Amino acid sequence: MNVFPHGDRYVFALTYGSGVQWVKNVMAAGEAELEKRGRRVSLSQPRLFVDRRQSGVPIPVRQILRVMRVQEFLEMTRSSDSRGD
């Protein structure tokens, strides 16, 4: 899974698109947990968006995502009760 922290938000590069089951489940639930380096991060407020410039991910990753033609992303906000990084 390609996920990138960006302040209190996490940006997921949807390499298989927004129609995959896990994305549908997150959107329906409105929340999810991410395990990062053995810690759980509670996420909420999922938002799907298209970004043809891949501006929410690190510059070296943008080049790879452009080659892969990835333009769909999922953004979620870290919940205030989260214990993750």
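Start with the aromatic rings: there are two aromatic pairs in this predicted model, counting rings of Phe, Tyr and Trp (its six-membered ring) whose centres lie within 6.5 Å. Planes under 30 degrees apart count as stacked, over 60 as edge-to-face, and the rest as tilted.

Before selecting anything, note that residues are numbered from 1 along each chain as its sequence is written, and that side-chain values use heavy atoms, with hydrogens and water left out. Because the model is predicted, local features need pLDDT of at least 70 and side-chain atom pairs count only at pLDDT 80 or more, while totals for chains, interfaces and linings use all residues.

**Stop 1: the aromatic pairs**

Select F12 and W22. Their rings form a tilted pair, 5.8 Å centre to centre with 55° between the planes. F12 is in strand β2 and W22 in helix α1, 10 residues apart, and the pair links distant parts of the chain. Helices (H or I, at least four residues) and strands (E, at least two) are DSSP runs, numbered from the N terminus.

Is F12 buried or exposed? F12 is buried, with a relative accessible area of 4%. W22, at 33%, counts as partly exposed. Here buried means under 20% relative accessible area, exposed over 50%, and partly exposed in between (1.4 Å probe, protein chains only).

Next select F49 and F73. This pair is stacked, with 5.7 Å centre to centre and 20° between the planes. The pair links distant parts of the chain, F49 lying in strand β4 and F73 in strand β5, 24 residues apart. F49 counts as buried at 18% relative accessibility, and F73 is buried at 2%.

**Stop 2: the nonpolar cores**

Now select Y10, F12, L14, V23, V26, L34, V41, L43, L74 and M76. These 10 residues make up the largest nonpolar core. A nonpolar core is a set of buried Ala, Val, Leu, Ile, Met, Phe, Trp, Tyr and Cys residues joined through side-chain atoms within 4.5 Å. Which elements give two or more residues to this core? They are β2 (9–13), α1 (21–29), β4 (39–50) and β5 (72–78).

Apart from this core lies another, of eight residues, among them F4, V11, A13 and F49.

Return to the largest core and pick L43, one of its residues. Leaving aside neighbours within four places in sequence, L43 is in contact (heavy atoms within 4.5 Å) with Y10, F12, E31, A32, L34, M76, T77, R78 and S79.

**Stop 3: the salt bridges**

Side chains of opposite charge can pair when their charged atoms come close. How many salt bridges are there? The count comes to three, where a salt bridge is a side-chain nitrogen of Lys or Arg within 4 Å of a carboxyl oxygen of Asp or Glu.

Select R9 and E75. The closest N and O atoms of this salt bridge are 2.3 Å apart. R9 is in strand β2 and E75 in strand β5, 66 residues apart. R9 counts as partly exposed at 26% relative accessibility, whereas E75 counts as buried at 10%.

R47 is in strand β4, 28 residues from E75 in strand β5. R47 is partly exposed, with a relative accessible area of 40%. R9, R47 and E75 are linked in a network of salt bridges.

Finish with R40 and E33. Their closest N and O atoms are 3.2 Å apart in a salt bridge. Both R40 and E33 are exposed.
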